[in-house]
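Trainee: I would like to learn how to read features in a structure. Could we begin with a single residue and its contacts?

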Amino acid sequence: MKSGNTERMLRWVCLIGFGWVVGVTVGGTQQATSTIESYRATAEKIIQETMKGNDSFKKLEGLCDDIGHRLSGSAQLEQAVVWAVETMKRDGQENVRAEPVMVPHWVRGQESLAMVKPRAQPLVLLGLGGSIGTPAEGINAEVLVVRDEAELESLGDRVKGKIVLFNNPMPEYTVEKGTQYGTSVRFRSKGASLVAEKGGLACLVRSVTASSLRSPHTGALRYLEDKPKVPAAAITLEDAEMISRFQARGVPVGVTLKMEAKTLEPAKSANVVGELRGSQWPDEVVVISGHLDSWDIGQGAHDDGGGCVQAMEAINVLRRLNLRPKRTIRVVLWTNEENGLAGAKQYAIDHEAELVKHVAAIESDGGSFRPKEYSVECRDEARQAVALEQMKSILDLVSSIGTMTVEADGSGADVGQMKPAGVVLMGHNVEASKYFDYHHSPADTIDKVDPKELSQNVAVMATVAFVLADMPKRVGEK
């Protein structure tokens, strides 16, 4: 009897305690939702002002048309650093500066690929970033086509003295599965080392895109440490398929590959920073960002000129509206995202002492198409869960632009360097069905950017940043 009474007593205590916790949690969530809802009029003001007119596309013209592509170590990237500093100072931003960073300096040089048998035909290629070059006379060898690691392994000693082509198609975009970029990019990243281990002379990869008008797409490779290195380049979908058809028919394909690629000593560069200082807690920071560098082809318009001007113009719109949040909104334009992340890594080092006061860090690095969602991640899973719920309410404030969703997912390569410090990280994501048509290719030019969609991104980023920087409590706190 005593035992039964004790069990019932414990159950009641647990139920009462559980009810109290649920009540506090629900009450806290309702209170936070109510607080966020109070920003609706301000959000509409930001959206209307942005969509009425802003300088984002004008800024993108200055970056893309006047400067062009911006690879780490290049004169163009350093010109972009100067441009960004001057532009934010002209806009009246505070604490504008270039924070020094040493970055990798890879140079493409001249490169060519020609099929010499069964017939003569020049092929289109782009060397992969970080690749070594070929001998001056080039590499003359037969091409072996494989779909994946298993097929490469099955060739055994046949790989020695050959050039291997990874013809692994990237699936078409679907609403359910998205871009599926990760299914094929691994061959661009590690293919050269896999081939070198088997005694191959060079590595070719099918460009990581699902759509092509005989346009190659580059990107960084990663040589495995203490392993042999071979040159590596991307070719077009059309040429990859042609070589594959020849092999399927038993017709040997011979090519001559020439690449002058080389890596020089690290070069000086900088992250560019500008702020809208907070009125009450200026030492607490919300970062909004994009990366200033791009590959040495095209103009880096979607990747990631658009992300840069979104951040730059977001605080410009707030300043014009005399909207000064309680916390500081800091624009960071990262250097060397594409082939090293040196800028983001240096920022984490230089600002280590103040990362504890970084409230959130947002990165836009998926193009400037229609804004679609925010992804949220944090080392502290409890904070992440709270932040997810808060972001649902914040994104509801921009519903006049379109329905946006939120999910627990990766944020961005640059802001990701702050994850160990416990910062709430966010990815500003867009409708991506066309992004990889242009990604890392000569076609990534400003004509592919819709000024209206770019402005929508500015409006969303400005609204999200303002609310996060002005909320009574830090995002992720109940």
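Mentor: Leaving aside neighbours within four places in sequence, Ser212 is in contact with Thr236, Leu237 and Glu238. Keep in mind that this is a predicted model.

Trainee: Where is Ser212 placed?

Mentor: Ser212 is in the loop between E7 and E8.

Trainee: Is Ser212 buried or exposed?

Mentor: The cut-off for buried is under 20% relative accessible area. Ser212 has a relative accessible area of 17%, so Ser212 is buried.

Trainee: How far apart are Ser212 and Leu152 in sequence and in space?

Mentor: Ser212 and Leu152 are 60 residues apart in sequence, and their C-alpha atoms are 25 Å apart in space.

Trainee: Which other residue can I read in that way?

Mentor: Take Val208, in the loop between strand E7 (202-206) and strand E8 (232-235). Val208 has a relative accessible area of 6% and is therefore buried. Not counting residues up to four places away in sequence, Val208 touches Met170, Tyr181, Ser184, Val185, Arg188, His217 and Phe436. From Val208 to Val96 the separation is 112 residues in sequence and 37 Å in space, C-alpha to C-alpha.

Trainee: What does the reading give for Gly130, buried or partly exposed?

Mentor: Gly130 is partly exposed, because its relative accessibility is 29%. This glycine is found in the loop between strand E4 (125-127) and strand E5 (139-146). Setting aside neighbours within four places in sequence, Gly130 is in contact with Trp106, Leu221, Tyr223 and Thr263. The C-alpha atoms of Gly130 and Leu257 are separated by 17 Å, and these residues are 127 apart along the chain.

Trainee: Now helices. What describes two packed helices?

Mentor: Two packed helices are described by the angle between their axes and by the distance between the axes. Here, helix H3 (residues 56-64) and helix H4 (residues 75-90) pack at an angle of about 155°, with their axes 10 Å apart.

Trainee: What does that make H3 and H4 to each other?

Mentor: Angles over 145 degrees count as roughly antiparallel. H3 and H4 are therefore roughly antiparallel to each other, and their crossing is right-handed.

Trainee: Which residues make the contact between H3 and H4?

Mentor: H3 supplies Lys59, Gly62 and Leu63, and H4 supplies Ala80, Trp83 and Thr87. By class, the residues of this contact are three nonpolar, two polar and one charged.

Trainee: At what angle do the axes of H2 and H8 cross?

Mentor: The axes of helix H2 (residues 40-52) and helix H8 (residues 301-320) cross at roughly 110° and come within 10 Å. That angle makes H2 roughly perpendicular to H8. H2 passes H8 in a right-handed crossing.

Trainee: Which residues of H2 and H8 meet?

Mentor: Ile46, Glu49 and Thr50 in H2 meet Val317, Leu318 and Arg320 in H8. The contact of H2 with H8 divides into three nonpolar, one polar and two charged residues.

Trainee: What about phi, for instance in Asn336?

Mentor: Asn336 is a residue other than glycine with a positive phi, near 65°. Asn336 lies in the loop between strand E12 (327-334) and helix H9 (342-350). With 0% relative accessibility, Asn336 counts as buried. His440 also has a positive phi, near 60°. The place of His440 is in the loop between helix H11 (435-438) and helix H12 (451-470), and at 7% relative accessibility His440 counts as buried.

Trainee: Last, cysteines. How many disulfides are there?

Mentor: A disulfide needs a pair of cysteine sulfur atoms within 2.5 Å. By this rule, the count is zero. As for accessibility, Cys203 counts as buried at 1%, and Cys378 is buried with a relative accessible area of 4%.

Conventions:
Residues are numbered from 1 along each chain as its sequence is written. This is a predicted model: local features need pLDDT of at least 70, side-chain atom pairs count only at pLDDT 80 or more; totals for chains, interfaces and linings use all residues. Side-chain values use heavy atoms; hydrogens and water are left out. Axes are lines fitted to C-alpha atoms, for helices over the stretch in contact, and angles run from 0 to 180 degrees between N-to-C directions. Helices (H or I, at least four residues) and strands (E, at least two) are DSSP runs, numbered from the N terminus. Angles under 35 degrees count as roughly parallel, over 145 as roughly antiparallel, 65 to 115 as roughly perpendicular and the rest as oblique. A crossing is left-handed if the near helix is turned anticlockwise from the far one by less than a right angle, and right-handed if clockwise. Contact means heavy atoms within 4.5 Å. Ala, Val, Leu, Ile, Met, Phe, Trp, Tyr, Cys and Pro count as nonpolar, Asp, Glu, Lys and Arg as charged, and the others, Gly among them, as polar. Buried means under 20% relative accessible area, exposed over 50%, partly exposed in between (1.4 Å probe, protein chains only).
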